[in-house]
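Have a look at it first, and then we'll go through it piece by piece.

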Amino acid sequence: MSSPSEPSPPDQPIIAIRDLGRRFGRSWALAHVDLEVARGELVLLAGANGSGKTTLLRTIAGLIHRTRGELRVFGRDPNRARAHCRSRLCLVTHHGYLYENLTALEMLELWNRLSPAPRPRSELMPLLERMGLAERARNEVRGFSAGMRKRLTLLRAELERPELLLLDEPFSALDPDGQRFLEQWIRASRAEGRTFVIASHALMRATNLGGSSVLLERGQIAWRGPSSQLLARFSGTAS
Amino acid sequence: MIVLRQLATLIAKDLRLEWRRRARLLVVLVFACTTLLLFSFALGRETELLVKASGGLLVLALLLSSTLGLAESFRVEHEDRALEGLFLLPVDPVAVFYAKTITNTLFLIVLGPILVPVALALYSVHIEPGKLGDFALIWALTASGLAAPGTLYSGMTSRMRGQDVLLPLLLFPLAGPLLIASVRSLTLLITGDAMDELGAWRGLLIAFDVIYWSIGGVLYPFVCEEGT
């Protein structure tokens with residue numbers, strides 16, 4: 001098994017999916033999904049509730065086993081080479097992965113100490129300041145609003161500096177300032193060469209980020225094209 | 001080295017969470033003391049019988065109260081899918097298991113300094129001061145023997161409905177040899193060890209602990225990940 005820090009070839013797609021299927025009971029949450037995501041690309045996953053966006057993100061992260069098909073993340077099967085894949089990606093979902101009785105600073109310290117390459121402790125408070133959480137650094141998470149929890153969760157992605165970010169509804173629960181900050185952060189991260197797969201219903205804001213879009217319907221890819229064309233396509237499908 | 005760093009970090013996190021949620025320890029202690037009291041009511045006022053049974057009653061009180069503590073230990077990990085977050089970092093599941101098991105062992109050991117004096121007073125038992133070290137060792141071995149399979153089963157059942165029923169159903173039959181060895185050891189320490197049997201029972205306790213701490217570390221990575 002390769003070490004988690006083993007670099008993958010630059011010309012290799014970060015994500016390669018072929019005929020992917022995932023069945024829950026009798027129904028297929030994903031079926032015949034083919035998708036490739038290149039390094040530095042941003043792919044927006046759109047679709048109605050239950051169309052398979054979250055399942056696809058969790059499958060890419062290796063949290064869900066596929067029922068059929070091929071899946072390679074950084075050239076490896078994420079269900080087998082867990083350390084190889086997970087040390088390079090970060091999944092941000094509507095679950096914050098937070099402990100209610102730890103403070104924001106303690107959460108950050110915990111993630112930092114458990115990560116493969118911890119940062120110096122002195123770098124943690126500036127991160128909280130950057131996300132507007134410095135004043136609440138020593139408050140327990142249980143008293144945080146949904147927006148503050150989301151900001152703290154996003155800090156995890158900033159802390160880990162992964163090559164691949166899987167964001168599930170990142171704009172939800174954020175106030176307009178938070179959404180603008182997140183948009184800028186994603187743009188800055190893309191400029192550094194990071195790859196994004198974003199599932200979102202906030203299409204106006206998400207399509208501003210550019211990149212390409214994938215429209216999922218009942219677990220299948222119904223359309224793929226530039227994000228600039230998604231809104232028209234999505235409204236056309238909806239009607 | 002990374003696994004050891006993760007283990008130390010997770011133990012510190014678990015102990016911190018236990019301290020912040022220390023009302024849970026109080027509830028378990030009250031439950032255990034109530035159990036001891038009810039046992040004394042059930043057996044009546046016959047002092048000799050109470051003395052002979054006191055070792056067994058103490059271990060039973062520990063076993064019954066352990067299920068409360070063990071069931072709770074993984075609940076906090078699922079409140080906001082924190083455990084999934086740990087696995088995504090990625091944290092080695094083996095480190096998660098041993099951190100939880102060590103914390104649960106400490107949790108059960110801490111019950112001892114309260115439960116044992118209560119039992120001694122309720123059951124009119126006297127322990128020679130020279131045997132207190134052995135008594136503490138047997139208590140610690142029993143606590144760690146319950147914690148290892150208990151943590152494994154708690155991890156397995158923590159996402160299921162009816163965990164409070166499932167956990168004792170799985171744990172109690174498995175804990176049979178541990179209970180027998182522990183009860184025999186404590187009884188020998190209380191009533192006297194004329195045949196010098198204590199060493200053999202203590203050996204059985206150590207063997208049980210070694211086996212289940214090893215098995216738990218091997219099995220936990222297979223049972224902890226969802227979606228298989």
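Let's begin in chain B, where helix H3 (residues 47-78) packs against helix H7 (residues 163-174) at an angle of about 120°, their axes lying 10 Å apart. Axes here are lines fitted to C-alpha atoms, for helices over the stretch in contact, and angles run from 0 to 180 degrees between N-to-C directions. Helices (H or I, at least four residues) and strands (E, at least two) are DSSP runs, numbered from the N terminus. That angle makes H3(B) oblique to H7(B); angles under 35 degrees count as roughly parallel, over 145 as roughly antiparallel, 65 to 115 as roughly perpendicular and the rest as oblique.

Before going on, a word on the model: it is predicted, so local features need pLDDT of at least 70 and side-chain atom pairs count only at pLDDT 80 or more, while totals for chains, interfaces and linings use all residues. Residues are numbered from 1 along each chain as its sequence is written, and chains are lettered from A and ligands numbered from 1 in the order in which they are written.

Which residues meet where H3(B) and H7(B) touch? From H3(B) come Thr67(B), Leu70(B) and Ala71(B), and they meet Gln163(B), Asp164(B), Leu167(B), Pro168(B) and Leu171(B) of H7(B) (contact means C-beta atoms, placed from the backbone, within 7 Å). Sorted by class, this contact has five nonpolar, two polar and one charged residue. Ala, Val, Leu, Ile, Met, Phe, Trp, Tyr, Cys and Pro count as nonpolar, Asp, Glu, Lys and Arg as charged, and the others, Gly among them, as polar.

Now for the meeting of the chains: 23 residues of chain B are in contact with 22 residues of chain A. On the chain B side, helix H1 (2-20) and helix H4 (82-88) are the elements that give two or more residues, and H1(B) gives the most, with seven.

Most residues other than glycine have a negative phi, and most peptide bonds are trans. Yet the bond from Leu89(B) to Pro90(B) is cis, with omega near 5°, and Pro90(B) sits in the loop between H4 and helix H5 (93-122) of chain B. Glu169(A), not a glycine, has a positive phi of about 50°; look for Glu169(A) in the loop between strand E6 (164-168) and helix H6 (176-191) of chain A. Ser124(B) also has a positive phi, near 55°, in the loop between H5 and helix H6 (132-157) of chain B.

Technical notes
Contact = placed C-beta atoms within 7 Å.
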